[in-house]
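Dear colleague,

Please read them alongside the coordinates.

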Amino acid sequence: MKRLIWVVVVLSFWNCKTSVEESFKKQPMNSKIVVAHRGASGYLPEHTMEAKAMAYAMNPDFIEQDLVLSKDDVPVVIHDIYLDDVTNVAAKFPERKREDGRYYVIDFTFEELQSLNVSERFDPKTGKQFYSNRFPKGKGSFKLHSLQQEIELIQGLNKSTGKNIGIYPEIKNPEFHHKNGKDIAQITLEILSEYGYISKKDNCIFQCFDAKELERVRKDLKSDLFLVQLIEFPEETKQLNHFATYADGIGPWYKQIVEKKVDGKWQFTSLVEDAHKLGLKVHAYTFRADQLGDFSSFEEHVNTLLFDANIDGCFTDFPDKVVNILKQ
Ligand code: G3P
Ligand code: CA
């Protein structure tokens, strides 16, 4: 009897877990994944807990965490190695800037970092807010947080809502971390493992722009997570065969996929087709309703990339809007 109960418990646990692969196969709308880029960053200051909770309520498939280590090796959820374009560090710790005039996350302990106020992104030289129609700069009360704190928020909400939203962490500038004697990949993988993110069966996608480091994550650090190789420069799109030796997907800028409009129809590069032939998923960045580029509407932006170009998912500052378009 005892053994039967254990089998039932183990099977129910197994069934309630959603793997990355399964989340691609869910309902038709979820065959295209939506990644909340820095949270619901179109509405609240990026990478704040508030932006993550709001994103969660919008039902994306994944919520993104960009990571930089603090002086005491805590992975902090923040987009840049610098602090001065999203916090009040210059006012609070004026004497702590480096010779280049910048304030670095890595120079502050996690306790110090938590004492800063986080704001909507701005230019540290002029003080001007980057996206003028977003949350007003300097208003509200927002703080930095760690990867662990964010995972606990998302896993806690998964439990209380019954949903299963994944995480999509990115280690930022691993070379800079190595130069400062820190192994951000190793530290991040250990934390992910502590929280149950170990293999492709777990709802986590690990991303990095640095190809050497992502290859190291697979081959030397032996990670079995779903890995996405981010692509910054056009020439990197020629290395797909190599990326396929260690990665499960690529994350290009959407402009590396869309070429131009001819007679009212968008033309595409061969990137998506080439990646698919190698079995690589394509998650393009970054879809912003307030930065449309050459598209005439956000709907056109989303439909052109997700359906006409056939990408598998997108990073967006406006997860609610993409989720709604996919529902239609
Ligand atoms: O990581 C992919 C996406 O987030 C775009 O890059 O610069 O916003 O981290 P970035
Ligand atoms: Ca990112």
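**The calcium site and its surroundings**

At 1% relative accessibility, Asp-66 counts as buried (under 20% relative accessible area, with a 1.4 Å probe and protein chains only). This is a predicted model, in which local features need pLDDT of at least 70 and side-chain atom pairs pLDDT 80 or more, whereas totals for chains, interfaces and linings use all residues. Residues are numbered from 1 along each chain as written, chains are lettered from A and ligands numbered from 1 in the order written, and side-chain values use heavy atoms, without hydrogens or water.

Asp-66 coordinates the calcium ion (ligand 2) through OD, together with OE of Glu-64 and of Glu-170, at 2.2 to 2.4 Å; donors here are N, O and S atoms within 2.8 Å of the metal, or 3.2 Å for Na, K and Ca, and because water is not among the atoms, sites may look incomplete. Along the chain, these donors follow the spacing E-x1-D-x103-E.

The side chain of Asp-66 also makes a polar contact with that of His-47, at 2.8 Å (a pair of N or O atoms within 3.5 Å; within protein, one must be able to donate a hydrogen and the other to accept it, and residues adjacent in sequence count only if both atoms are side-chain atoms). His-47 is itself buried, with a relative accessible area of 3%.

Glu-64, likewise buried at 3%, has a polar side-chain atom 2.6 Å from an oxygen atom of ligand 1, and for Glu-170 the corresponding distance to a ligand 1 oxygen is 2.9 Å.

Best regards

Terms used:
Buried < 20%, exposed > 50% of the residue type's maximum accessible area, 1.4 Å probe, protein only.
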